[in-house]
Amino acid sequence: MRKILFLLLCVLVGFSAFSKTTDSRKIDLRAKQSDQEALRCVLPVRASVDGNTIWVEFFNSPESAIITVKKSDGNEVSSETFSSPELIQLPLTLLSGEYVVEITYGDNCLSGEFIVE
């Protein structure tokens with residue numbers, strides 16, 4: 001009986017550890033080189049949205065990167081250039097709706113859609 005209770009307790013602790021409640025959502029980035037899409041598994045960048053903040057993480061720090069946020073209809077909301085970025089926090093104040101983030105560095109251009117509520 002003690003083994004069953006111990007096992008049940010371990011399962012409950014495991015579920016609570018992995019069910020962290022956050023508002024963070026991953027942004028699926030797509031890379032375009034020429035007219036062909038690159039394989040998604042080799043992207044050296046990860047992006048997510050947490051509330052009204054976009055987080056962009058570079059696994060290999062490029063010399064510079066341009067992060068552009070646009071409304072889904074194409075109107076540009078913001079564009080910033082970063083030197084030697086590793087982890088970028090880009091606040092989006094007073095915005096809600098559907099957006100597209102474009103990350104440009106070197107010859108690479110990545111884009112992904114996200115929603116700010």
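User: How many aromatic pairs does the structure hold, and how is such a pair defined?

Analyst: Rings of Phe, Tyr and Trp (its six-membered ring) count as a pair if their centres lie within 6.5 Å; planes under 30 degrees apart are called stacked, over 60 edge-to-face, and the rest tilted. The structure holds two aromatic pairs. In one of them, the ring centres of Phe58 and Tyr105 are 5.6 Å apart and the planes stand at 90°, so this pair is edge-to-face. This is a predicted model, in which local features need pLDDT of at least 70 and side-chain atom pairs count only at pLDDT 80 or more, while totals for chains, interfaces and linings use all residues. Residues are numbered from 1 along each chain as its sequence is written, and side-chain values use heavy atoms, with hydrogens and water left out.

User: Which strands hold Phe58 and Tyr105?

Analyst: Helices (H or I, at least four residues) and strands (E, at least two) are DSSP runs, numbered from the N terminus. Phe58 belongs to strand E5 (residues 53-58) and Tyr105 to strand E9 (residues 97-105). The two are 47 residues apart, and the pair links distant parts of the chain.

User: Are Phe58 and Tyr105 buried or exposed?

Analyst: A residue is buried under 20% relative accessible area, exposed over 50%, and partly exposed in between (1.4 Å probe, protein chains only). Both Phe58 and Tyr105 are buried.

User: What is the geometry of the pair Tyr99 and Phe114?

Analyst: The ring centres of Tyr99 and Phe114 are 5.9 Å apart with planes at 25°, so the pair is stacked. Tyr99 sits in strand E9 and Phe114 in strand E10 (residues 108-116), so the pair ties together parts that are 15 residues apart in sequence. Tyr99 is buried at a relative accessible area of 3%, and Phe114 is buried at 5%.

User: How do E9 and E10 pair?

Analyst: Two strands pair if DSSP finds at least two bridges between them. E9 and E10 pair in the antiparallel sense, over nine bridges. Ile103 stands opposite Leu110 in E10. The hairpin of E9 and E10 has two residues between the strands, and Gly106 takes a positive phi near 55° in it.

User: How many salt bridges does a search of the whole structure find?

Analyst: A salt bridge is a side-chain nitrogen of Lys or Arg within 4 Å of a carboxyl oxygen of Asp or Glu. The search finds two. One joins the side chains of Arg46 and Glu57 at 2.8 Å, N to O. Arg46 is in strand E4 (residues 45-50) and Glu57 in strand E5, so this pair ties together parts that are 11 residues apart in sequence. Arg46 is partly exposed, at 42% relative accessible area, and Glu57 is partly exposed at 28%.

User: Which strands does the salt bridge of Glu102 and Lys70 tie together?

Analyst: The side chains of Glu102 and Lys70 meet at 3.5 Å, N to O. Glu102 lies in strand E9 and Lys70 in strand E6 (residues 64-71), so the parts tied together are 32 residues apart in sequence. Glu102 is partly exposed, with 22% relative accessibility; for Lys70, also partly exposed, the value is 22%.

User: What is Thr68 in contact with, leaving aside its neighbours within four places in sequence?

Analyst: Contact means heavy atoms within 4.5 Å. Thr68, found in strand E6, is in contact with Glu76, Ser78, Ser79, Val100, Val101 and Glu102 once those neighbours are left aside. A polar contact is a pair of N or O atoms within 3.5 Å; within protein, one must be able to donate a hydrogen and the other to accept it, and residues adjacent in sequence count only if both atoms are side-chain atoms. One of 3.2 Å joins the side chains of Thr68 and Ser79. Thr68 is buried, with a relative accessible area of 9%.
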